[in-house]
Amino acid sequence: MVSKGVMITLFNHNIFEDNVVVGASNSIDKKPDVGRKVVFNDQSGAIITKDAFDHSEEHGNSKKEIGQEAHDNSRGNNEAQIDVNKGSKLPIKEEEIHADTKSDFESESESDLCLGKYIYVHDIPSKFNQELIEHCDLLSNWTDMCELSSNLGLGPHFPNNERVYSKTGWFATNQFLLEVIFHSRLKQYNCLTNDSSQASAIFVPYYAGLDVSRYLWGSDYRMRDSGALELVKWLREKPEWKRMWGRDHFMVAGRITWDFRRFTDEDSNWGNKLMLLPESRNMTMLTIESSPWSSNDFAIPYPTYFHPSMDTEVYHWQNRMRRQRRRILFSFAGGPRPNLKNSIRNDIIDQCKAARRKCKLLECSTGPGKCHKPIYVMKMFQGSVFCLQPPGDSLTRRSIFDSILAGCIPVFFHPGSAYVQYVWHLPKDYTKYSVLISAFDIKNKTINIESVLSRISGREIMKMREEVIRLIPRVVYADPSNKLKTHDDAFDISVKGVLERVDTIRKDMREGKTTSFDFAEKVSWKFNLFGIKEEHIWDPFFEEQDEKAAKQRKYGKT
């Protein structure tokens, strides 16, 4: 196996002149890259290259089906330029904007546009969702969740005093309100049904994250488990459950998976055990961060601050990010993690400070400051070419999606921060939209971030940035009070992922198979992304994390 090292596509060009990023060309090369390599520093200091991918996968925006708004059996309400930072303009025709928003579903039979897409929503007791919102003052000891849960979970509208945002579509959205946002969006889904026997999937609108958040600090483990245990008992007694024993059910838990994976029944241990319950393991669980070693929970994007209500809001924002001048090579918004032994946060901060004007740092602390105000974070990201996204308390962070929204190319230090997480929403060929630098090399001080990023050519930067900007509609949740017509947003893509997975499980059950996902869960991360179970160059990243998780199970530590 190749030793632990840096994984990053390198180019022999410097992209800075007088601290302004310049492009090597005024056009975007449409030809696919051939022979793209990943570069490793081995332990001897030698440079080794190895193919990262033998193929690439195009990801555009999918156009939603156009036609009847709701079936009789359904329920519910029914200027572009590429910035090369020198003022050069490349017009984009309207038909080109729409070209990659077309969906395969347009060819479906018009007799029933919802065939294979019907979703039935369990009418669970209101104590599991609506009453949590009604008693929002109990959800957090530090945050006014009543204000933040307004506007169908989007929070209050953002003012645009410094013109950092666009005029409409921006909200002060809390990252832990995904359950409310997703449920609100589902109420507008065209293919809801009151007939559970017709449903391809069944949604459980339990606000699991909001429920447990009331008891994460200062409560015993029985209290933290009480809501989850009562909910699954309710589900078990329903005829819909017994049809596939919950394998056609799905749920959104709006916190990271580790908040729902308490391995021992001790008060000192973190979280509840929702994800470990037998009933939960039969369902498809959607979280903002999944476990790389679990086969039934899938990560979907953190909520961002942008919730467009019209397609034009998306187009205008994308074009604004294409025109944005970016004078900063790389930036980082975050704080150190002195209590985490293997954290690279301090190393990242030190390298940023050493880079002087080429790196901008928005250092976070526990108290109030600019880092906790979205306007400063988004403004910095909009002026940066690359945005550093190291792990924090866990592998993922909301900042990943803030940087994509700002048209800033994310730089990852662990493949578990995005690549093996958001497999439905992000391109499998991660080199198209991001940079990966090994956390091992950062910790061992064998790599310099400024040096690596400076070698990427202006042309490649333009291509990567364009891919990032094209990803924007895929990682935002549209305003639940309206519907986008030509874009699939993060909600739409998540629902399609669930429907495809349930359909596979249903076919397996009909054929007498145990499951198509019958493999050792510790290799879930590589099977979900690459479709393999064999040795992979990323194994060292996950072996270390797997060992840590095993110790948590044994000793109850988090």
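**Disulfides, helices and a cavity in a predicted model**

This predicted model holds four disulfides.

Q: Which residue is joined to Cys136 by a disulfide?
A: Cys136 sits in the loop between helix 2 (130-134) and helix 3 (145-148). Its partner is ten residues away, in helix 3. With an S to S distance of 1.9 Å, the residue joined to Cys136 is Cys146.

Q: Is Cys146 buried, partly exposed or exposed?
A: Buried means under 20% relative accessible area, and exposed means over 50%. Cys136 has 9%, so Cys136 counts as buried. Cys146 has 31%, which makes Cys146 partly exposed.

Q: Is the disulfide of Cys352 and Cys359 left-handed or right-handed?
A: The sulfur atoms of Cys352 and Cys359 are 1.9 Å apart. Cys352 is buried at 1% relative accessibility, and Cys359 is buried at 9%. The torsion about their S-S bond is about -95°, so this disulfide is left-handed.

Q: How many residues apart in sequence are the parts that Cys387 and Cys408 tie together?
A: Cys387 and Cys408 form a disulfide with their sulfur atoms 2.1 Å apart. The torsion about this S-S bond is about 115°, so the link is right-handed. Cys387 lies in strand 14, while Cys408 lies in the loop between helix 12 (399-405) and strand 15 (409-412), so the pair ties together parts whose separation in sequence is 21 residues.

Q: Why is helix 4 said to be largely enclosed by the rest of the structure?
A: Helix 4 covers residues 178-186. Among its buried residues are Leu178, Val180, Ile181 and Phe182, and also Glu179 and Arg185. Helix 4 is largely enclosed because its buried residues number nine of the nine.

Q: Which helices do the buried residues of helix 10 pack against?
A: Helix 10 (residues 345-354) has buried residues including Ile348, Ile349 and Cys352. These buried residues of helix 10 pack against strand 12 (328-334), strand 13 (359-363) and strand 14 (384-389). The helices they pack against are helix 13 (439-443) and helix 14 (449-454).

Q: Which helix gives the most to the lining of the largest cavity?
A: Rolling a probe the size of a water molecule over the atoms shows where empty space is left. The largest cavity holds about 70 Å³ of space. Strand 11 (297-299) and helix 17 (524-530) each supply at least two residues of the lining. With three residues, the one that gives the most is helix 17.

Q: How many residues of the lining of the largest cavity are charged?
A: The lining includes Ser290, Pro292, Asp297, Phe298, Gln421 and Trp525. It divides into five nonpolar residues and six polar ones, and the number of charged residues is one.

Q: How many contacts beyond near neighbours in sequence does the stretch of residues 547-558 have in the model?
A: The protein chain averages a pLDDT of 81, and 75% of the residues score at least 70. Over residues 547-558, though, the pLDDT is below 50. Where pLDDT is low, the predicted coordinates should not be read in detail. With that caution, the number of contacts for residues 547-558 in the model is eleven.

Terms used. Residues numbered from 1 in each chain as written. Predicted model: local features only at pLDDT ≥ 70, side-chain atom pairs only at ≥ 80, totals over all residues. Heavy atoms only, no water. Buried < 20%, exposed > 50% of the residue type's maximum accessible area, 1.4 Å probe, protein only. Helix = DSSP H or I, 4+ residues; strand = E, 2+ residues; numbered from the N terminus. 1 Å grid on protein atoms, 1.4 Å probe; cavity = no way out; pocket = protein on both sides within 12 Å on 5 of 7 lines; lining within 4 Å. Points joined across faces, edges and corners; volume = space filled by probe spheres on them. Nonpolar A, V, L, I, M, F, W, Y, C, P; charged D, E, K, R; others polar. Contact = heavy atoms within 4.5 Å. pLDDT = per-residue confidence, 0-100. Disulfide = S-S within 2.5 Å.
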